[in-house]
Amino acid sequence: MALTIEQVTARVDSLRYRNHERDARNLDVLAVRKGKIAQVYPNFFPEGVDANVVANFIDIVARDLSEVMAPLPAVNCSAANQVSDRARSFADKRTRIASNYFQNSDLAVQMYSGADWYITYGFVPFIIELDDEAKLPRIRIENPIGAYPEFDRYGRCVAFAKRYSMTLGELVSQFPEYDRELLGPDGYRQDLNTQIEMIRYYDKDQSIIYVPRKNNLVLSEAVNPLGKMMVVVARKPSIDGELRGQFDDVLGIQLLRNRFALLAMEAAEKSVQAPIVLPQDVQELQLGGDAVIRTANPAGVRRVELNIPAGAFTEQNLLNQELRVGARYPESRTGNISQSVVTGQGVQALMGAFDTQVKSAQAIFAASLRDVISVCFEVDETIFPEEKTIRGVDSGSPYEITYKPTKDIKNDYSADVRYGMLAGLNPAQGLIFMLQALGGGLISKDMAMRELPFTVNVTQELEKIEIENMRQSLLGSITALSQAIPQMAMQGQDASEVVRQIAAVIKARQKGQALEDVIEEVFTPQPQPVPPAGAQQAVEQPSPVPAGASAGGANPEIASAPPDIMSLLSGITGGGTPTASVRSTRRL
């Protein structure tokens, strides 16, 4: 049953109250990442300083981590019966349909922002919307600032509200049909740059957009066509259920680094501008590069020394180390490695924390994207059942398929979304691990290809590999045949036919014909001409006519006469080995 606008506003107000502390933390982290740390801690900065004076370490870590986590996982819709070609074809088509959802939504680019928000704020929402122009579901990643998801006891999102802040003029331009209600009796005479808040609410029954400041004016209201939640939230694990970002607890350390940098700058400035100490016999003081000071005690001319305790620099190094530990960012990511890299053990130890958090984040993304694809399948089959054509690139090859959701999805909304066995490993480690497992017979080539961290049409790719291997075998046979030409010439055999065939294959390949078609055409035996009736023929016998046998009136002694020794030794190989053969010919 759909909620009324009064019930929706009460639910949203409750969500905002329960998450007001999280909103404050998120705004502080956002200000620090934007370089405005003085807005968060105004009492710790002198007048005129309102930005970071050291490297924005939190922003650097968030960008680096998000770029590692952002690549999309591989999507495979496995067939229930792997032996049946029809079942595999059905699964391959569904795999391409699911991959097209990502491509149509430009999700590969959105994931860079989504991974950044996940690290910074502790969760990221995926919203499935209806694209009426493309007749496809569209996936949109929402900014967690001002977002309020509500979960049931199983961790499933059952309600979602998002708060947007914009100017009154922007709101009127987006909803011109409500300009009178939004502007009021003053119309356009009031300030259109006034900030106003708009709320968008989702649940399994409806989607509502309303303005709280205008007596909960409803701008848009739609019934949920699926009757299920079309928002999937990926959230970081938490010990108390509170959505926390990775940098909520290290803002103070970043503040102290800024404070130490300011004090160091102040100390350097005071050292340069310190007063000059002169002996008592100096009556005049000249300033500048070529200044002359007359004194009987030149060693007494100096500036007042400003002693900075060595412990201050030690404390600054400790703060840098604490910031790395709190942000779970290894020092090796910035290239500062003091351990031995000969065996790689030092780098592996330093990268341990980095690899584990990447792997855990990708596992959460995979689970969320699996639910997203399931909703997209259902939207495609229920809302857009008409036949459509999609295009894309699979394994480097462009494709174009036409499908009908009611036939090619057919109530099967399952999909296997995985980052594979290589999740959390760098490319070199992942490749070595995959090859070792494959070489040791622990996994098959089919599984190895399905575990790759990018989308591969396994069935089509295996067919391509088999075709390439067979073409390579054909090419090897042609090469071996060409290498036998010198030996044939030395034996006195006629090699002109072989030369002609190889030349014909080369010419056909230059014209762009397929190798297998050319070889089949060139090496097909030519049909022998049928001799006319009554013509004299030479009949070869595999062995001589037995002695004493009659051959149609021929002289038996001539028919059974053995060949001479010169005929037997006429064939000699290049190594001097003779080859003997006997052939009897009888003419009719």
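Me: Hi! Before we look around, what does buried mean here?
Reply: Hello! Buried means under 20% relative accessible area. Tyr202 has 10% relative accessibility, so this residue counts as buried. One thing to keep in mind is that this is a predicted model.

Me: Got it. And Phe160, buried or exposed?
Reply: Phe160 is buried, at a relative accessible area of 0%.

Me: Let's talk strands. How many residues of β7 are buried?
Reply: Six of six, so to speak: β7 covers residues 206-211 and is mostly covered.

Me: Which way do those side chains go?
Reply: Gln206, Ile208 and Tyr210 point one way from β7, while Ser207, Ile209 and Val211 point the other way. Residues on both sides are buried.

Me: Which sense does β7 pair with β6 in, parallel or antiparallel?
Reply: Antiparallel, over four bridges, with β6 being residues 195-203. Within that pairing, Ile199 is opposite Tyr210 of β7. The two strands make a hairpin, and two residues lie between them.

Me: And how many bridges join β7 to β8?
Reply: Six, and those strands run antiparallel; β8 is residues 217-223. Here Gln206 faces Val223 of β8 as its opposite residue. β7 and β8 also form a hairpin, this time with five residues between them.

Me: Which residue in that turn has a positive phi?
Reply: That's Asn215, with a phi of about 55°.

Me: Changing topic: how many aromatic pairs are there in the whole structure?
Reply: A search finds three. One of them is Tyr118 with Phe365, an edge-to-face pair with 5.0 Å centre to centre and 65° between the planes.

Me: Where do those two sit in the chain?
Reply: Tyr118 is in helix α6 (residues 107-121) and Phe365 is in helix α12 (residues 352-382). They are 247 residues apart, so to say it plainly, the pair links distant parts of the chain. Both Tyr118 and Phe365 are buried.

Me: What about Phe160 and Tyr202, how is that pair arranged?
Reply: That aromatic pair is tilted, at 6.2 Å centre to centre and 45° between the planes. Phe160 belongs to strand β5 (residues 157-167) and Tyr202 to strand β6, 42 residues apart, which again links distant parts of the chain.

Me: Last one: which ring does the charged end of Arg96 sit over?
Reply: The ring of Tyr399, with the charged end 4.4 Å from the ring's centre. Lys162 does something of the kind, as its charged end sits over the ring of Tyr164, 5.5 Å from the centre.

How values were computed:
Residues numbered from 1 in each chain as written. Predicted model: local features only at pLDDT ≥ 70, side-chain atom pairs only at ≥ 80, totals over all residues. Heavy atoms only, no water. Buried < 20%, exposed > 50% of the residue type's maximum accessible area, 1.4 Å probe, protein only. Pairing = 2+ DSSP bridges. Phe/Tyr/Trp six-rings, centres within 6.5 Å; stacked < 30°, edge-to-face > 60°. Lys NZ or Arg CZ within 6 Å of the ring centre and 35° of its normal.
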